[in-house]
Structure formats: structure tokens, C-alpha cells
Amino acid sequence: MNDFIALCAVGAEPVLTKELKILGFKPYNRLPGRVFFTSEEKDPLLAFFKANYFLRTADRVFLLINTAKAENFDDLFDLVFSIDWHNYFPRDARITIDKVRTYKSKLSSEHAVQSIVHKAVCDKLCKKWNMHSLPETGTRFMIRIYIENNNVYVCLDLSGEPLYRRGYRLSGGAAPMRETLAAVLIQLMQWKRKIPLHDAFCGSGTIPIEAAWYAYNIPPGIARHFAFENFICFEKEKIEAVLKEEKERAASQVRTDCLARITGSDISEEAVSLSKANAERACIIAGRELHAAGITHHIERPDFIQSDFSELEAPYERGILLSNPPYGERLGSEEEAFELYKRMAEIPRRFPGWKLGFITSKKEFEKIFCKQNKDAVLKKHNIRGGNMETVLYIME
């Protein structure tokens, strides 16, 4: 239980790799949307906890439970059947093969692979427990299969709910940004807590809230549980004791004594109210967990105001402005989005000396923005989260 795969937005692999190294893991391979890594923790429970509790930019973490070449369904069945699934699943487990991805392989039917893998898992468990069929009435466990160049990767989900579900967002608004993507953008901007940060299109407040949790060293998994906590290879008493100790250690490292000037604004009064509510919930959730660990720190909330971006002026000589301009669901047409981009071309003059970052799926943004800022040099980072291709444009 030493090899893992962390999933992320395509294009965010370098950021996730760096984060893994900082946490003491050893990344050894990268593919689009995936980073392979190992852990030197002697206790696998600690590795499972550490990866899920502290990674800000990963969407999900899997245990790479087995890998081998398979060119036909018999090979695939034997590979999956050879795994001691009873070390992980209770007798009433609901087994789900949540996704199958094949690439340049003889086993190309994802539906057929899904069926064979599910049958192999159930047959192995039935044989081990001397049962004719599994009740599958209990906790849900997920398995994912990657087949690339006839090499099969059998992955067991450790996270449960996706890691971007931090638990603080009451609503995502009209065009929600994943919390993990916001964390990726903050890292790509190379933001440090001493630098002022402003989001001029705050929406539901995700970027400022993620920045606040990062600034104060609040673990992103602070208020949630994970799938590995239900594995039967760990005694319940041990899980409770180890996780309690590790969470208390993490709580002791939360910093609320540092100055973090994090703000957001939006022309929509509803968006500002939503941002404030989400930020309040995020800080209450974190504060409750800290209190449970015997720590009574007060967590400062990001400040949000209602304002059109064209009315803003830089509050400090230096800072970072990072925003997700509205489009698609938040604006009714492309024409409206393009008109907004023309107006946004004034931002560099209103925020001189600031580093600017904008993420958008509209390829026209660069042309429109640079037409009125002829000396502007935009650095581009291509990122695909879900099914949407986006670009982070950075102007220093």
C-alpha cells in the first residue's frame, strides 16, 4: 500500500507535484490530470490521511492497488481476482466501478471492462466469505480502472466525496469554480500571504476563501471524512485514535497571527451576500475543528464589497488581482462577455504595480484585452477542469 494516484485538473500537474513534495511524498510520474506518487510512511493509515487531509489541489486520491499487462478479458479477470479485496471491504459493501478509461489498448470497451472488473471483485469476495452473492447494502466503495497500452491500473478510491467538496460552500452561484481549481490558480500566481489579494468578480467567494485557508494554514480536509476510514484493514479504535492525534497536530500548526489582506468584490449584491455567507461558514467550520482540538484562535474573514470592477482603485502599491470573469451562465451571450473584456482592459491602469490573473474559456480574451494594452505580455497556463478548456492569463 505504497503507490498512489492523485487526480487534478489537466494542466495542474506541476502544481500538484510540488505540493506532494512539500508534504513529503515522492512523485514519480505525471500524466494528464494524474500524478503518481509514493509514501515512505510505515503506517499506510498515516499516508492515506495525509494525502487526503492536506492536498489542496488534488480532486481525488487513489491507492494504486495493482498493475499488470492484460490483452484480453481473461487476463483482466485474473488480475482483479488476484487482489485481496476482503482486506478493504466489509461484507455489506456496495462495490462501484465508477470509471474506466482505455487508451491504445486491445481492451477498448469501457462498459465491458467495467462489467468484468465488477464480476471479478464480487466473485473473489463471495469465494472468500462462502457466499452466493453480495448484499451490497452498506457503505459505497469505488474502484477505477485505467488501461493504457495494454497496461491495467487498478485503483481504489481513498477519498469518498471529491476533495474539492470542502464543506463550506452553501451554493456555488451561477458558474461555480471548484475549490481545488481556485487553489491551483493561487499557486500559479505564486501568491504569498503577505501580499494583498483581490478578486474583482468574486461570485461565490471561492478564490478569497481558498486564499484565506492557505494563508492561515487551515487544512482543506479539516471538516470532512474519507472513504479509507471505512476500510476493514484498520481497527475502528485505531482509526479514531490516529486521526484524532493527527488532526490535533495539524490544528496546532494553524496560523492566525499573520496579516492576510484578502478581499473580493462583485457588481452583484446577491454574489457578495453569497461570498460573505460562504466565508463565514468556512471560518466557523474551521474554528469548530480548532476548538475541538483545544485551540481558540479567531480566523479573520475575507472582506467583500459590492462594486463594479471599473469603480475599483488599487488599495495598495503592490498586490495580486485574481479573477474568474463572468461568462456563459453568468452572462447571457458571448457579445456581453466580449464587451466586458473590452472594459476590463482598463484594469491595468487602475491597478498599476499589481500582478493580474484572469481565467476564461474564451479564446478572444487575449486579443480583446491586448488590443487596448499594446505593451501587455500575457503568460498563459492551459487548464482543463471537467469538460471545460480554460486559460489562466497572467500579466505581471
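Start your tour by selecting Ser307, which counts as buried because its relative accessibility is 10%, and buried means under 20%. Keep in mind as you click around that this is a predicted model.

**Stop 1: around Ser307**

Where does Ser307 sit? Look at the loop between β10 (303-306) and β11 (319-323). Now show what surrounds Ser307: leaving out residues up to four places away in sequence, it touches Ser265, Asp266, Ile267 and Leu312.

**Stop 2: helix α6**

Keep β10 and β11 on screen, as both are among the elements that cover the buried residues of helix α6. The cover also includes α5, β8 (197-199), β9 (262-266) and α8 (269-292). To see the buried ones, select Thr206, Ile207, Pro208, Ile209, Glu210, Ala211, Ala212, Trp213 and Ala215. Then step just past the end of α6 to Asn217, where phi is positive, at about 65°.

**Stop 3: α5 against α6**

Two packed helices are described by the angle between their axes and the distance between the axes. Select helix α5 (residues 179-188) along with helix α6 (residues 206-215): they pack at an angle of about 70°, and their axes are 9 Å apart. That makes α5 and α6 roughly perpendicular to each other, and their crossing is right-handed. For the contact itself, show Glu179, Ala182, Ala183, Ile186 and Gln187 on α5, then Thr206, Ile207, Glu210, Ala211 and Tyr214 on α6. Colour the residues of this contact by type and you get six nonpolar, two polar and two charged.

**Stop 4: α9 against α11**

Select helix α9 (residues 334-344) and helix α11 (residues 364-371), which pack at an angle of about 35° with their axes 8 Å apart. This crossing is right-handed. Which residues make the contact? From α9 come Phe338, Tyr341, Lys342 and Met344, and from α11 come Glu364, Phe365, Ile368 and Phe369. Sorted by type, the residues of the contact of α9 with α11 are six nonpolar, no polar and two charged.

**Stop 5**

In soluble globular proteins, nonpolar side chains tend to be buried together. The largest nonpolar core in this model has 105 residues, and the members that touch the most others are Trp85, Phe89, Val121, Ile143, Ile145, Val154 and Phe231. Helix α4 (residues 110-129) gives the largest share of this core, with eight residues. Apart from this core lies another one, made of 23 residues that include Phe365, Leu378, Tyr393 and Met395.

**Stop 5: Asp3**

Finish with Asp3, which you'll find in strand β1 (residues 3-7). Is Asp3 buried or partly exposed? With a relative accessibility of 26%, Asp3 counts as partly exposed. Next, select Thr38: it is 35 residues away from Asp3 along the chain, yet their C-alpha atoms are separated by 4.7 Å. Once you set aside neighbours within four places in sequence, the contacts of Asp3 are Tyr28, Phe37, Thr38, Phe62, Leu63 and Leu64.

Definitions and conventions:
Residues are numbered from 1 along each chain as its sequence is written. This is a predicted model: local features need pLDDT of at least 70, side-chain atom pairs count only at pLDDT 80 or more; totals for chains, interfaces and linings use all residues. Side-chain values use heavy atoms; hydrogens and water are left out. Axes are lines fitted to C-alpha atoms, for helices over the stretch in contact, and angles run from 0 to 180 degrees between N-to-C directions. Helices (H or I, at least four residues) and strands (E, at least two) are DSSP runs, numbered from the N terminus. Angles under 35 degrees count as roughly parallel, over 145 as roughly antiparallel, 65 to 115 as roughly perpendicular and the rest as oblique. A crossing is left-handed if the near helix is turned anticlockwise from the far one by less than a right angle, and right-handed if clockwise. Contact means heavy atoms within 4.5 Å. Ala, Val, Leu, Ile, Met, Phe, Trp, Tyr, Cys and Pro count as nonpolar, Asp, Glu, Lys and Arg as charged, and the others, Gly among them, as polar. A nonpolar core is a set of buried Ala, Val, Leu, Ile, Met, Phe, Trp, Tyr and Cys residues joined through side-chain atoms within 4.5 Å. Buried means under 20% relative accessible area, exposed over 50%, partly exposed in between (1.4 Å probe, protein chains only).
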